[in-house]
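Here is a friendly walk through one protein model, from its overall make-up down to a few individual residues. Keep the structure open beside the text and follow along.

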Amino acid sequence: MMTDATTTTSSSTTATSPMSSTTTSSSGTATTAATDPQQQPQQQQTAAPIVSSASSSSPGAAEMALREPIDGRLILAKRDPPLTCVPRSVTAFASKITFLELSHNAIRTTENLEAFTNVTELILDDNQLTECSHLPASKTLKVLSLNKNQLTDLEGLLDVAGERFPQLTGLSLLYNPICPYFSDDEDDYRRYRLRIIYRLNRLKYLDSRPVLAAERNEAATRGHLYVVSKPIALSPPQAIDSELSAYDINSLKPLPPPTPIDPNEFPVLYAKQEFVYLGTKSEGNRFITNKDLDPTARPPTSGN
């Protein structure tokens, strides 16, 4: 039941209740604002998921204030400041998330993603991922996008995807060291596709291209041969210089002088010999006869 509240005083007084709110200004005029509790659930249902950093001084913090999305979609893309890891707080309702996007951040690890076991689409484009060991074991995942990261172990990724994503139909790895899409050698990308199609035989799309029937047939027969090795990490020049500086130059000994050779021990014979070329074993002369080599036997040209 709603009641009117009227107050007259020389100072500002505020009175609130679950059903109505009364505010009295310094002039003595009282105003009453009523709110309908039935409208609050509707406003909460139409609101989009709101994410805010728990502390502005900790970019990419693992704890965030988050309102649970009711439609199963959680989008934490292009945060400011960028996320460096998956927030631990979002794992509280991870089982209700079916669409998760964390693109355009600075995420370096897949840690905390293992809780999203019911996700069907996982988008992690434009990050700094170097490993995929914590991807969730989701039997419902159909789309996995890892474009523009720093992944270097294709076989390791295929092991994880083949074991944890039995329904995966779409995979994109563009702009990663493991993807030779922009290679000068077209065969590199073809072998790369055949290897992935062989390992993940349910794929329908790979790197924004559909998987053709001809590719699937060739992958079934040759895919096991196209194993992609992990690139070898070369030592930076600074590390090489530090290794060389560890040696004591004074302890190094010069090479021994060369041993003089006795000419009597290894006699050398110099002689002159004339060689006659017969052309009997020449492949080029096999179809040339003596008549062709005799200038007097050649037929006159048409100009004469």
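## Overall make-up

The protein has six helices and 12 strands. Please keep in mind that this is a predicted model. Of the 304 residues in the protein, 28% are buried. If you take the contacts between residues at least 6 apart in sequence, 43% of them join residues at least 24 apart.

## The seven-stranded sheet

Seven strands form an open sheet with mixed pairing, in the order β6-β7-β8-β9-β10-β11-β12. Its edge strands are β6 (73-75) and β12, each of which pairs on one side only. Strands of a sheet pair through backbone hydrogen bonds, and they can do so in parallel or antiparallel fashion. Strand β7 (residues 99-101) and β8 run parallel and are joined by three bridges. To find this pairing on screen, look for Leu100, which stands opposite Leu122 in β8.

Ser145 counts as buried because its relative accessibility is 8%, and the cut-off for buried is under 20%. Its side chain makes a polar contact of 2.6 Å with the side chain of Asp125. Leaving aside residues up to four places away in sequence, Ser145 touches Leu122, Ile123, Leu124, Asp125 and Ser172.

## Helix α3 and its surroundings

Helix α3 covers residues 186-199, which makes 14 residues. From first C-alpha to last, α3 reaches 20 Å, close to the 20 Å expected at 1.5 Å a residue. At the start of α3, a side-chain oxygen of Asp185 comes to within 3.1 Å of the backbone nitrogen of Asp187.

Which residues of α3 are buried? They are Tyr189, Tyr192, Arg193, Leu194, Arg195, Ile196 and Ile197. The cover over these buried residues includes two helices, α2 (154-164) and α4 (213-222). It also includes the strands β10 (170-172), β11 (205-206) and β12 (209-210).

## Aromatic rings

How many aromatic pairs does the structure hold? There are four. In one of them, the ring centres of Tyr175 and Phe182 are 5.0 Å apart and the planes lie at 40°, so this pair is tilted. The rings of Tyr181 and Phe182 have centres 4.8 Å apart and planes at 80°, so that pair is edge-to-face. Ring pairs link Tyr175, Tyr181, Phe182, Tyr189 and Tyr192 into a cluster.

Tyr181 is partly exposed, with 28%, whereas Tyr189 and Tyr192 are among the buried residues of α3. Elsewhere, a ring meets a charged side chain: Arg73 lies over the face of Phe99, at 4.1 Å from the ring centre.

## An exposed lysine in a loop

Lys139 is located in the loop between β8 (121-123) and β9 (143-145). Is Lys139 buried or exposed? It counts as exposed because its relative accessibility is 66%, and the cut-off for exposed is over 50%.

Lys139 also has partners from other parts of the sequence. Lys139 and Phe165 are 26 residues apart in sequence, yet 5.5 Å apart in space from C-alpha to C-alpha. Not counting residues up to four places away in sequence, Lys139 touches Thr117, Arg164, Pro166 and Gln167.

## Backbone details to check

Most residues other than glycine have a negative phi, and most peptide bonds are trans. Against that background, a few spots deserve a look. The peptide bond that joins Asp80 and Pro81 is cis, with omega about 5°. Pro81 lies in the loop between β6 and β7.

Tyr175 is not a glycine, although it has a positive phi of about 60°. This tyrosine is found in the loop between β10 and α3. Asp207 also has a positive phi, near 55°, and is found in the loop between β11 and β12.

Note on methods: Residues are numbered from 1 along each chain as its sequence is written. This is a predicted model: local features need pLDDT of at least 70, side-chain atom pairs count only at pLDDT 80 or more; totals for chains, interfaces and linings use all residues. Side-chain values use heavy atoms; hydrogens and water are left out. Helices (H or I, at least four residues) and strands (E, at least two) are DSSP runs, numbered from the N terminus. The expected span of a helix is 1.5 Å times one less than its number of residues. Buried means under 20% relative accessible area, exposed over 50%, partly exposed in between (1.4 Å probe, protein chains only). Contact means heavy atoms within 4.5 Å. A polar contact is a pair of N or O atoms within 3.5 Å; within protein, one must be able to donate a hydrogen and the other to accept it, and residues adjacent in sequence count only if both atoms are side-chain atoms. Rings of Phe, Tyr and Trp (its six-membered ring) pair if their centres lie within 6.5 Å; planes under 30 degrees apart count as stacked, over 60 as edge-to-face and the rest as tilted. A charge sits over a ring if NZ of Lys or CZ of Arg is within 6 Å of the ring centre and within 35 degrees of the ring normal. Two strands pair if DSSP finds at least two bridges between them.
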